[in-house]
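The following note sets out a series of points on the model under review. Each may be checked against the coordinates shown here.

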Amino acid sequence: MQNFLLRRFVSTRFTALLLLTSAILSTFPGCTRESKLVDNGRVVVYHQQQEPDALNALISDMVATSDALRPIQEGLVSVNEHLETIPVLAREIPTIENGGVTLTGTGMSVTWKLRKGVRWHDGAPFTAEDVKFTWEVIMHPKTRVTSRDGFDKITQAVILDPYTIRFDFKQIYAPYDLLFSGGGAILPKHILNPYLQDPRGDSINKAPFNRSPIGTGPFKFKDWVAGDHISMVAFDDYWRGRPKLDALKMRIIPDENAAFTLLKSGEIDLYQSASINQYAALRRLRHVRVSPLASLTWEHLDFNLGDPIFQDVRVRRAIAHAINKKQISEKIYQGLYAVAHSDLAPLSWAYNPTIENRYPYDLDEARRLLDAAGWKVGLDGIRVKDGKRMAMRVSTTAGRKTRELTELVLKYYLKKVGIDLLIDNYPGPILFGPAPSGILKGFKYDISMSAWSAGPDPDNFALWHSSQIPPAGQNHVQFRNAELDRLLEAGTQSIRRSERRKIYHRAAEILAEEVPMIPLLYWSQLDPINIRLKNFKPNPSSSGNLWNCYEWDVVPLAEALSARGKED
Amino acid sequence: MGRYIARRLLVSLPLLVGVSLILYVLMRLAPGGPEAVYGQNPHVRAEDLARLREQMGLNDPILVAYAKWFFSFIQGNLGFSLFTGRPVAQMLLERLPNTMVLMGSALMISVVVGVTFGVISAIRQYSWFDYGVTTFAFFGYSMPTFWFGILMMLVFAANDYTLTFAGHTFSTGHWLPAAGMFGAEREGTLLNLLRHPEFSGFVDLAAHMVMPVAVLSIVSIASWSRYSRSSMLEVIRMDYVRMARAKGLAEVKVIGKHALRNALIPIITLVALAIPSLFAGALITEQIFAWPGIGRLFIDSLTKSDYPVVMAVMFISAVLVVFSNLLADILYAALDPRIRFS
């Protein structure tokens, strides 16, 4: 989420240097030997590149925060490794079919039935009061919550009995089931209420709780050593039963080479989001298992539709035809990132497969489209129209090797059809910065390359609706399409999945037809683990890899190694 | 002397106010800003951003915001981090011991080793030792810390290479922990360790310090040995050194009592000038070795535009630079009777 320019810059250079060093060292005659590895016993140590701001998911939307809180706090629901919503503190997911959701004129009511017998880490019982309180914290004017999206559609929360709560919505809100999943993890009213009621100021944002939280999760918070680690111990009274591990420790390791070395020596058991440059080296480690997992993040090229060149759809289609995505995937991303066709991932229930390969790599078609659009090849091989050369810039985050290589390849592809592409990159905070100084939101780009992360819900209102053109939203492409606007509005106004699927299939059709952006690749995540860790199920959603830490287990590393020896 | 110090202090006040104003305005004018971290999250809508700006106090004009910051700073209130909601002073204090132990050890080692090397190579000018030290100095000086850090990690922590070099075979091993300050099995902080001293804790800490301290020292041993070499060379050509020799004093006494003491004066002032780095830490080394110091806090805060933290680190560094300069001048006067301030 956060673009750490310096860190990126530093770590990509480091990777290149490490590879160089490894190459030099591997030329020495010699062989690898069985090494003496660290075994952390009944404790699992996992890696995180960044340090959380605060252990309160409402005021910190970092991945690191979510990774540290997942073992400690729980929501009403969670998203599993297949992107299905599963009940956690709720007994079931309310739907129209089971009577949990009722439509009331233009609005709706959602009734949650809560799990009984759940206890907070301090022994207090978990009840509907806590759920109502969490919503009140989010909506309180003093709370520095990052987003109220969806929560602000709720008009009132009614406690029907200690384990049943009804939320009344002023309009139909389709992703209602995900509201209390991650970012809306339930907070303990008996601890935080005094801070919320404190009339003197914003003490809820500064509560000591934000650095030593409690929850209902499988692990209790123990200690946070600034800049170093956060540790947690098993909660004996966890409602699913005591977790199998004794403790968890999240170590904060900013440098990817250090993380790699720590995994290699056994000091950490899980290295999250390894660099794809490390894939080959990771696969050679006998005590490590690494399996690439398709993620929901997709890399794409955006056109600045405010620029007259791109207002002609034939130009956008021609560029789409001129790019060999398969080659980029194979040559630059080692085949780990799959070719993308849509703003939704194939993992999504709303994915429309009929738009795949609408724009195959076809230089003749690209040239024909550009000719038809009135761009004629000039003396230097670059097309010209009304005295204007067909030159454009591509902008992305500076310092990311794979993106910079992709830009060079794009330059080569577009040159073949008579377009001169110039490279003009910026550090992340400047590229993604707010309007008017931000490059994207200030419309100061021609073509941009960046990634968006899709949620389990297919709603991309903020990306494509005409009301979301900056400064208001993320539609820096400035795409305006009346039919798409209507579809996106209807998409969140509908509850039935079959209806919504039709809506999003049509929306994908429009995006494929109009090409306001070109989807390039779906990212893959590499989360290598020490093979002594069992029941690890990597999760591409924002639930993250820690989502099922209650069922994680370990075996002695020596045992795991000999079992692997037999597999080989 | 007292009047001189008072005057210097008085002059430095407007200087520091000016520095803080420039730092603050430049920081605020830099593109990005605290809300940039939410730029790619579609759930953070325009109304959320507007509310966050108001809650973070970003809607004040820059000079008003600066005045607010300045007046609370001079009352000793460093403010609250925009992202953690914690007092900035607390965030700095919990990391300060980590940075000081790292930078202090590196400074001590590099000064002791560097000055020793420099003095010996000055006494034995153009000897093999002098050439050796000079070569080593330039090697260390031109070594980028990030490259050197990774190289050390590979050789001393990564554990599965067998190298054959010049006919000798040797294996790299997991001799040293790759990163962090304490091993995974140890909880707590440096202060806890000092409160409840435990031998194995200090051993663990020392093992974690070897690589970052080595990287930091090797780079600066170079400059210390060059400084002290030239300072020493200048002194041993002086008439009073020749006089001491002519008196028939033992060489040890000539070098130790007459030459070295005078050659060390500029070195001591340079050590005083290194004081700010004890606070500010080492950006790259702390990043590579996951050292929980102020340098990393600064990078993290800078990339998020966490203004109160960035401002506190930069301004405290500026104050330390001004005062360590003053301290260097005072030390110079105290050590060298030829210098008098008026």
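**Notes on packing and local geometry**

1. In chain B, residues B:Phe117, B:Ile120 and B:Ser121 of H4(B) are in contact with B:Phe129, B:Asp130, B:Val133 and B:Thr134 of H5(B). By class, the residues of this contact between H4(B) and H5(B) comprise four nonpolar, two polar and one charged. It should be noted that the model is a predicted one.

2. The geometry of that pair is as follows. Helix H4 of chain B spans residues 88–123 and helix H5 of chain B spans residues 128–141; the two pack at an angle of about 140°, and their axes are 8 Å apart. H4(B) is therefore oblique to H5(B). Their crossing is left-handed.

3. H3(A) packs with helix H4 (residues 189–197) of chain A at an angle of about 30°, the axes being 10 Å apart. H3(A) and H4(A) are therefore roughly parallel to each other, since angles under 35 degrees are classed in that way. The crossing of H3(A) and H4(A) is left-handed.

4. Which residues form the contact of H3(A) with H4(A)? From H3(A) come A:Glu129, A:Asp130, A:Phe133 and A:Val137, which meet A:Lys189, A:Leu192, A:Asn193 and A:Leu196 of H4(A). This contact of H3(A) with H4(A) contains four nonpolar residues, one polar residue and three charged residues.

5. The largest nonpolar core has 206 residues, and the members touching the most others are A:Leu248, A:Ala258 and A:Leu521. Helix H8 (residues 199–236) of chain B supplies the largest share of this core, namely twelve residues. Another core, of 18 residues, lies apart from it and includes B:Tyr24, B:Leu82, B:Phe83 and B:Val309.

6. The surroundings of A:Ala258 deserve a separate entry. When neighbours within four places in sequence are left aside, A:Ala258 is in contact with A:Ile253 and, in chain B, with B:Met153, B:Ala178, B:Ala179, B:Ile288, B:Phe289 and B:Ala290.

7. Helix H7 of chain A (residues 313–322) is mostly covered, with eight of its ten residues buried. The buried residues of H7(A) are A:Val315, A:Arg316, A:Arg317, A:Ala318, A:Ile319, A:Ala320, A:His321 and A:Ala322. Against them pack strand E12 (293–303), helix H9 (363–372), helix H10 (401–416) and strand E20 (517–525), each of chain A.

8. A:Val118 belongs to the loop between strand E5 (107–113) and helix H3 (128–139) of chain A. Setting aside residues up to four places away in sequence, A:Val118 touches A:Leu89, A:Phe126, A:Thr216 and A:Trp239. The C-alpha atom of A:Val118 is also 7.5 Å from that of A:Tyr238, although 120 residues separate the two along the chain.

9. A:Trp464 lies in helix H12 of chain A and is buried, with 25 other C-beta atoms within 10 Å. Apart from residues up to four places away in sequence, A:Trp464 touches A:Asn475, A:Phe479, A:Leu484 and A:Leu488. Between A:Trp464 and A:Leu511 the C-alpha to C-alpha distance is 9.1 Å, across 47 residues of sequence.

10. The loop between helix H12 (461–464) and helix H13 (482–492) of chain A includes A:Pro471. The peptide bond joining A:Pro470 and A:Pro471 is cis, with omega of about 15°. A:Gln478 is also located in the loop between H12 and H13 of chain A. Its phi is positive, about 65°, although A:Gln478 is not a glycine. A:Gln478 counts as partly exposed because it has 18 C-beta neighbours inside 10 Å.

11. A further positive phi, near 50°, occurs at A:Asp386, a residue other than glycine. A:Asp386 is situated in the loop between strand E15 (383–385) and strand E16 (388–389) of chain A. With 6 C-beta neighbours inside 10 Å, A:Asp386 counts as exposed.

Conventions
Residues numbered from 1 in each chain as written. Chains lettered and ligands numbered in written order. Predicted model: local features only at pLDDT ≥ 70, side-chain atom pairs only at ≥ 80, totals over all residues. Axes fitted to C-alpha atoms, helices over the stretch in contact; angles between N-to-C directions. Helix = DSSP H or I, 4+ residues; strand = E, 2+ residues; numbered from the N terminus. Parallel < 35°, antiparallel > 145°, perpendicular 65-115°, else oblique. Left-handed = near helix turned anticlockwise from the far one by under 90°. Contact = placed C-beta atoms within 7 Å. Nonpolar A, V, L, I, M, F, W, Y, C, P; charged D, E, K, R; others polar. Core = buried A, V, L, I, M, F, W, Y, C linked by C-beta atoms within 7 Å. Buried ≥ 20, exposed ≤ 12 C-beta atoms within 10 Å, placed from the backbone.
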